[in-house]
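Grab a pencil and keep the 3D view open. Let's work through a few exercises together, one step at a time.

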Amino acid sequence: MIVQLGKASVTWTRADLEAKLAGHARVLIDVGTGDGRFVYRSAGAHPDTYCIGVDPAGERMREVSWRASRKPARGGRPNALFVVASVQALPEELAGLAHTLTLNFPWASLLSALVLPEAPVLEALRRLVRPGGELIALLNQSVFDDRPYAARLGLPELSDAWLDDALRPAYRAAGFEIRTSEIVDGEVPHQTSWGQHLTLASGRRTRLLTAEAIGGSASAAPG
Ligand SMILES: C[S@@+](CC[C@H](N)C(=O)[O-])C[C@H]1O[C@@H](n2cnc3c(N)ncnc32)[C@H](O)[C@@H]1O
């Protein structure tokens, strides 16, 4: 898989990754991580968790991946990693690792895959997670509330009926049992750059969607 390290991109094998994972109690994978700041902050707040940000736009992760690669005394985060990949082509090296999978304010093909939903993408996300692990997604509900705009983007109405009729069965078939789907009042659980940007825009609504990984893992999880 391709790892962003400052301006450089390097190739890591599963063995390279496992060497870094040793000694960490948990793994968090954040898909559609953007500038990577959420992963950097999570790694600082939870030193026992290995935090992996994934985004196809490697150049946006340059600055934070450079900061993370420094010595811990200078702001380095040895438990943070930034992987260049899209959700449609997730690296096998990440399979079965995540205790927690986060998707914060996805847009474009990542958003539509989650809400249409697209079975191959849900299955690929499920392959990242250990059985019993959690998926936590923060969705910009305001996009869906503007029906003409959402329709132009090919997005459905993100309603309770859509949740029950379309999302729940598709997520279950992919190995995720949806536990929560609610509009968040007040502060959202993850502080991310895009979340802050949306909070500043008045009247924005955020939906919190959580699910548990059920059934066996699609591929063997180490450890
Ligand atoms: C609105 S930004 C949110 C970034 C970050 N999670 C945050 O909250 O600040 C949406 C992110 O989704 C990523 N994205 C869009 N399509 C994607 C895909 N197919 N696979 C993975 N990431 C994707 C974009 O590159 C972008 O970084």
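A polar contact here is a pair of N or O atoms within 3.5 Å. Keep in mind that the model is predicted.

**Exercise 1.** Find out which atoms of threonine 192, glycine 32 and tryptophan 194 pair up with the ligand.

Solution. 
- Start with threonine 192: an N or O atom in its side chain is 2.6 Å from an oxygen atom of the ligand. The cut-off is 3.5 Å, so a pair of N or O atoms at that distance counts as a polar contact.
- Go on to glycine 32, where a backbone N or O atom lies 2.8 Å from a ligand nitrogen.
- Finish with tryptophan 194: here a backbone N or O atom is 2.8 Å from an oxygen atom of the ligand.

**Exercise 2.** Describe the surroundings of the ligand: how many residues are there, and of what kinds?

Solution. 
- Locate the site: the ligand sits in the largest pocket.
- Look at which elements take part: α4 (108-115) and α9 (193-200) are the ones that give two or more residues to the shell.
- Count the neighbours: 17 residues surround the ligand, and the closest are Gly32, Asp55, Gln88, Thr192 and Trp194.
- Sort the shell by kind, and you get six nonpolar, nine polar and two charged residues.

**Exercise 3.** Work out how tryptophan 107 and tryptophan 194 are arranged, and which parts their pair ties together.

Solution. 
- Begin with the total: the model has two aromatic pairs.
- Check the geometry of this one: the ring centres are 4.9 Å apart and the planes make an angle of 75 degrees, which is edge-to-face.

**Exercise 4.** Take a look at the backbone: what is the phi of phenylalanine 105, and is the peptide bond from leucine 116 to proline 117 cis or trans?

Solution. 
- Phenylalanine 105 lies in the loop between β6 and α4. Its phi is near 50 degrees, a positive value in a residue other than glycine.
- Proline 117 belongs to the loop between α4 and α5 (119-128). The bond from leucine 116 to proline 117 is cis, with omega near -15 degrees.

Methods: Residues are numbered from 1 along each chain as its sequence is written. This is a predicted model: local features need pLDDT of at least 70, side-chain atom pairs count only at pLDDT 80 or more; totals for chains, interfaces and linings use all residues. Side-chain values use heavy atoms; hydrogens and water are left out. A residue is near a molecule or strand if one of its heavy atoms lies within 4 Å of it. A polar contact is a pair of N or O atoms within 3.5 Å; within protein, one must be able to donate a hydrogen and the other to accept it, and residues adjacent in sequence count only if both atoms are side-chain atoms. On a 1 Å grid over the protein atoms alone, a cavity is a set of points where a 1.4 Å probe fits but cannot get out, and a pocket is an open set with protein on both sides within 12 Å along at least five of seven lines; lining residues have an atom within 4 Å of a point. A molecule sits in a cavity or pocket if more than half of its atoms lie within 2 Å of its grid points. Helices (H or I, at least four residues) and strands (E, at least two) are DSSP runs, numbered from the N terminus. Ala, Val, Leu, Ile, Met, Phe, Trp, Tyr, Cys and Pro count as nonpolar, Asp, Glu, Lys and Arg as charged, and the others, Gly among them, as polar. Rings of Phe, Tyr and Trp (its six-membered ring) pair if their centres lie within 6.5 Å; planes under 30 degrees apart count as stacked, over 60 as edge-to-face and the rest as tilted.
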